[in-house]
Amino acid sequence: MEARLLTPPLKILADENLPGLQSLFAELGELVTAPGRHLGAADLHGVDVLLVRSVTQVRAELLQGSSVRFVGTATIGTDHVDQAYLAEQGIAFHSAPGCNAEAVVDYTLNCLWQWCQATGRDLAQQRVGILGVGNVGSRLAQRLQALGCELGLCDPPRQRREGGDWQSLAEILRESDIVCLHTPLTREGEDATWHLFDEATLLQLRPGACVLNAGRGAVISAEAMVKVATARPDLSWILDVWEQEPQIDPQLLSHAFIATPHIAGYSLEGKVRGSWMLAQALYAWLGLPFNQPLSSLLPEPAVAAVHLNADADPSLPMRLIYDPFQDDRALRALFTRSPEERALGFDRLRREYPVRREFSSLTLSCATNQLPRLHALGFSQAVSSAVKRVDV
C-alpha cells in the first residue's frame, strides 16, 4: 500500500528525549512529547507523525486504528519497528542510519584504551575482530587501522554482496585479542543475530580476549555469558547493551570490566543528528524545503581547545571528553536497590544523561609527532603547534 501524504498543520508525537524538537518540528503543527518506553495506543489519538527512539516498540498493537502516516526513529537500529506492518498500512518510515556512529566509535576506542591500560597492553598491538561492518563497524575499522591495529572483519551480508577479504565468525573468535560487536538484531534468515553468541560460541574465544558489545544486547545470550564468564575468568567484558534491558542480570554486571546503560551513542552530536535526519526526511516526504543546518542546533563545547605538551599521553583528551567509568559507577550504584528501582534507574540514567561531545568537537594543538595517533583516535581538529600554551 502506498503511503498517503499529509499537509500541515500536523499533530506530531515525539519521544521527550529527542533533542531539537521545537526548532525542527514546531512550525509543522502541534508538537506533543511523551516518555518513549511507555507510549500506548491511547497516546496516538489524532496523531499524524510519530517520532521515537529504540525504547518504543512500534508494532501493530501500538498503531492499529491510529491516524499515524509517518513513523521516524532517531536511531541506527530498527529492530524495534515492524517495518512490514508499516508498509502494509501505507505508513511511511524513516530511520537515522549513521546518526550516532561517530559517538559509538569514540566510546569503543575509549573503553578499549582503558582496558589495554588496565591489562598492560598497547592497543595498537592488538588484533581486533569486528562483527558487523556497517555505519559503526566501518568507521571503527578505519580508526583502528590508522592506529596500526591488525583487523579481522566479519559481515556475511556484505561479503555476499561485495566479495573481498572477510573472515568467518570462527576465525574472528580464534584469532582476535578483542572482539567488537556492532551488528543489528535480527531473529530470522541466514544471518540472524539473536543469540548468535551462545555458550558454545563464547567458549571459542581465545585466552585473555576482551568482548565489547555496543550493538544489541540480545546478540549475546545473557545466560550463556554468565556461565562462560564464571568458567573463564581470563575473559573481559565491556557491555553497553543488555539482553532484556532495562532489567539487567546482576551476575552479568558483576563480570563486566566496564558496564554502561546503553549510552555508547549518546553524544550531543549523535542525538541532535538523529532528530535532524528525521526532520530532513519528514520535510522531503511532505514536499517542503528544509534548509536548517545541523550546526545551528549545536552549542559551543564547554571545552573547545586544549594544548598537549610533547610528552603528554594521547589518551588524555579522550578522558577529558568522556570517562566511561563515570557511567559504569552510576549503573552499578543502582544495584543496591530493588529490581523495579533498578529498571527505573536504568531509564533515568539515559533520560538524564549529561552532555557529552564527540572527539571531533575538540581542537587540539600538539607536537607534530603526536598528530598521526590523535587523528587516528578521531581528533580531526588536532593541529601542530610549536607555541607553548597553558595546559588545561
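**Cavity and overall fold**

Modeller: In this predicted model, the residues lining the largest cavity are Asp106, Tyr107, Asn110, Ile321, Tyr322, Arg356, Arg357 and Phe359, where a cavity is a set of points on a 1 Å grid over the protein atoms alone at which a 1.4 Å probe fits but cannot get out, and a lining residue has an atom within 4 Å of a point. Residues are numbered from 1 along each chain as its sequence is written. Local features need pLDDT of at least 70 and side-chain atom pairs count only at pLDDT 80 or more, while totals for chains, interfaces and linings use all residues, and side-chain values use heavy atoms, with hydrogens and water left out.

Colleague: How much space lies in the largest cavity?

Modeller: About 30 Å³, taking volume as the space filled by probe spheres set on the points, which are joined across faces, edges and corners.

Colleague: Which helix gives the most to that lining?

Modeller: Helix H4, residues 101–118, does so with 3 residues, helices being DSSP runs of H or I with at least four residues and strands runs of E with at least two, numbered from the N terminus.

Colleague: New topic: what does UniProt place at residues 297–378?

Modeller: An unreviewed UniProt entry places the feature "domain: Erythronate-4-phosphate dehydrogenase dimerisation" there, though such annotations may be inferred rather than shown by experiment. Over residues 297–378 the chain is 44% helix and 9% strand, with its end C-alpha atoms 22 Å apart.

Colleague: And how many helices and strands are in the chain?

Modeller: The chain has 15 helices and 14 strands, and its C-alpha atoms fill a box of roughly 60 × 55 × 50 Å along the principal axes.

Definitions and conventions. On a 1 Å grid over the protein atoms alone, a cavity is a set of points where a 1.4 Å probe fits but cannot get out, and a pocket is an open set with protein on both sides within 12 Å along at least five of seven lines; lining residues have an atom within 4 Å of a point.
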